[in-house]
Amino acid sequence: MTSSEIGVVMSATAVGGITLQIFVFPTLARFVQPTGLFRYSLVLSGLLSMVTPLLTRFGLKKDPMFFLLIAHNIGYQFFKSAVSTAVGCCVNNSAQRKVRGTVNGVGVAASSFLMFIGPTAGGGLYAWSLSSKTLPRRLHGNFVFLAAGVLYFLIAFCGLIYLKPYYDVPVDEDGGPDNEKSDDKVRMMSMEDFSPETKQEEDASGAQSPLGPETKEEEDSSGAHSPRLD
């Protein structure tokens, strides 16, 4: 591919990725929890990474192959972005409010360090595969895609073991539901207690006084008034 064709692929990938993030990801997040989204996106990213060398074996002409490469790259980048978003949600849900900033900072620092290590390790692995005499000839230059796919699968397996369902909901200072949700629940209960419908039901049941009207009538008939002082 020429430099202009590579630029077109990258530009189309960016436009397609933004479109999917705006219109597809919110709907997807409503049906899939962050832990599940993390695992599924990793598996799909691994599959797309492993099939990359096979795209040239379809025997397509230049233009169909060009659009296939763009679609493949859009899907790959979309699932990679979904992994990052799901990890951010799990990190926020795993920490209390007072330490969420610190936890997010540590997470961003760790991810930045791995983003520095990843391309360097990938480039070295690609160069080694080209000059390796132990790998089959078909894997020369393609081994890095296979290794990346296996790494995606291993991370997804670790997520299946260590990411529990409680990472799908936020915690507060006490380790329970978020304070905002609890406040909303209390506020809703208070509004129900003082709503006109509740007040009408209390009036109809005679719950105005602590003793109730029937008890008060019995006291009046039995002369249970306050004692007289002679």
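A helix axis here is a line fitted to C-alpha atoms over the stretch in contact, and angles between axes run from 0 to 180 degrees between N-to-C directions. This is a predicted model, in which local features need pLDDT of at least 70 and side-chain atom pairs count only at pLDDT 80 or more, while totals for chains, interfaces and linings use all residues. Residues are numbered from 1 along each chain as its sequence is written, and side-chain values use heavy atoms, with hydrogens and water left out.

**Overall make-up**

- The protein chain has nine helices and zero strands; helices (H or I, at least four residues) and strands (E, at least two) are DSSP runs, numbered from the N terminus.
- Of the chain's 230 residues, 24% count as buried, where buried means under 20% relative accessible area, exposed over 50% and partly exposed in between (1.4 Å probe, protein chains only).
- Among contacts (heavy atoms within 4.5 Å) with a separation of 6 or more, 69% join residues 24 or more positions apart.

**Helices α3 and α6**

- The axes of α3 and α6 lie 8 Å apart, and the two helices pack at an angle of about 165°.
- That angle makes α3 roughly antiparallel to α6; angles under 35 degrees count as roughly parallel, over 145 as roughly antiparallel, 65 to 115 as roughly perpendicular and the rest as oblique.
- The crossing of α3 past α6 is left-handed, meaning that the near helix is turned anticlockwise from the far one by less than a right angle.
- Residues of α3 that meet α6 include F38, L42 and M50, and those on the α6 side include F145, Y152 and I155.

**Nonpolar core**

- A nonpolar core is a set of buried Ala, Val, Leu, Ile, Met, Phe, Trp, Tyr and Cys residues joined through side-chain atoms within 4.5 Å.
- The largest one has 13 residues, and F25, L37, F38 and L42 have the most contacts inside it.
- At least two residues of this core come from each of α3 (34-50), α4 (62-94) and α6 (143-162).
- α4 gives the largest share, six residues.
- Leaving aside neighbours within four places in sequence, F38 is in contact with V83, A86, V87, I155, G159 and L163.

**Cysteines**

- A disulfide is a pair of cysteine sulfur atoms within 2.5 Å, and the count by this rule is zero.
- C89 is in no disulfide, since its nearest cysteine sulfur, that of C90, is 6.9 Å away, too far for a bond.
- C89 counts as partly exposed because its relative accessibility is 32%.
- C90 counts as buried because its relative accessibility is 6%.
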